[in-house]
Amino acid sequence: QVQLVESGGGLVQPGGSQRLSCAASGFTFSSYWMYWVRQAPGKGLEWVSAINTGGGYTYHTDSVKGRFTISRDNAENTLYLQMNSLKPEDTALYYCARDVSGGWGTFDYWGQGTQVTVSS
C-alpha cells in the first residue's frame, strides 16, 4: 500500500536550518509530482513547495522563496525539504503529499507529518 513517512522535524532556533525527508513506498514514486504542505497552529493547510516527476521543476510559495528548497531522489524514493533561515512563523506540522493532478495540487495520500518548531 502507499506509504509516505516524514522525518527530520524538531526544535530549531530562528535563523537555523533543518532538512525534512519523506520516504515513499508502495507506488512508482518517479511518476508523481510531490508536495510539501504545512499546517501552523490554529491555521489551515498551506502548500509550501512542489516538485515535478523528474525533479527539474520546482515551485515554492512566496513566504519561503529563497529559504526553502525542495528536491527528490527517485532512485531512493525520497522527497526532501531543505529549510534555511528559519523563522518562528515557519513553525508548523509539515506533511508530504502525493499529487494526482499533474502538479495542480490535488492530493490522494499524505504522510503523518513531522513537527517543526522554530523558537529561541
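Trainee: Does Tyr35 count as buried or exposed?
Mentor: This is a predicted model; local features need pLDDT of at least 70, side-chain atom pairs pLDDT 80 or more, while totals for chains, interfaces and linings use all residues. Residues are numbered from 1 along each chain as its sequence is written, and side-chain values use heavy atoms, without hydrogens and water. Buried means under 20% relative accessible area, exposed over 50%, partly exposed in between (1.4 Å probe, protein chains only). The relative accessibility of Tyr35 is 6%, so Tyr35 counts as buried.

Trainee: What type of ring pair do Tyr35 and Phe107 form?
Mentor: The structure holds 8 aromatic pairs (Phe, Tyr or six-membered Trp rings, centres within 6.5 Å; planes under 30 degrees apart are stacked, over 60 edge-to-face, the rest tilted). With centres 4.8 Å apart and planes at 65°, the Tyr35 and Phe107 pair is edge-to-face.

Trainee: How many residues apart in sequence are the parts this pair ties together?
Mentor: Strands are DSSP runs (E, at least two residues), numbered from the N terminus. Tyr35 lies in strand β4 (residues 34-39) and Phe107 in strand β10 (residues 107-110), so the separation is 72 residues.

Trainee: Which side chain makes a polar contact of 2.6 Å with His60?
Mentor: His60 is in strand β6 (residues 58-60) and is buried, at 11% relative accessible area. A polar contact is an N or O pair within 3.5 Å; within protein, one atom must be able to donate a hydrogen and the other to accept it, and sequence neighbours count only if both atoms are side-chain atoms. At 2.6 Å, the partner of the His60 side chain is Ser49.

Notes. Helix = DSSP H or I, 4+ residues; strand = E, 2+ residues; numbered from the N terminus.
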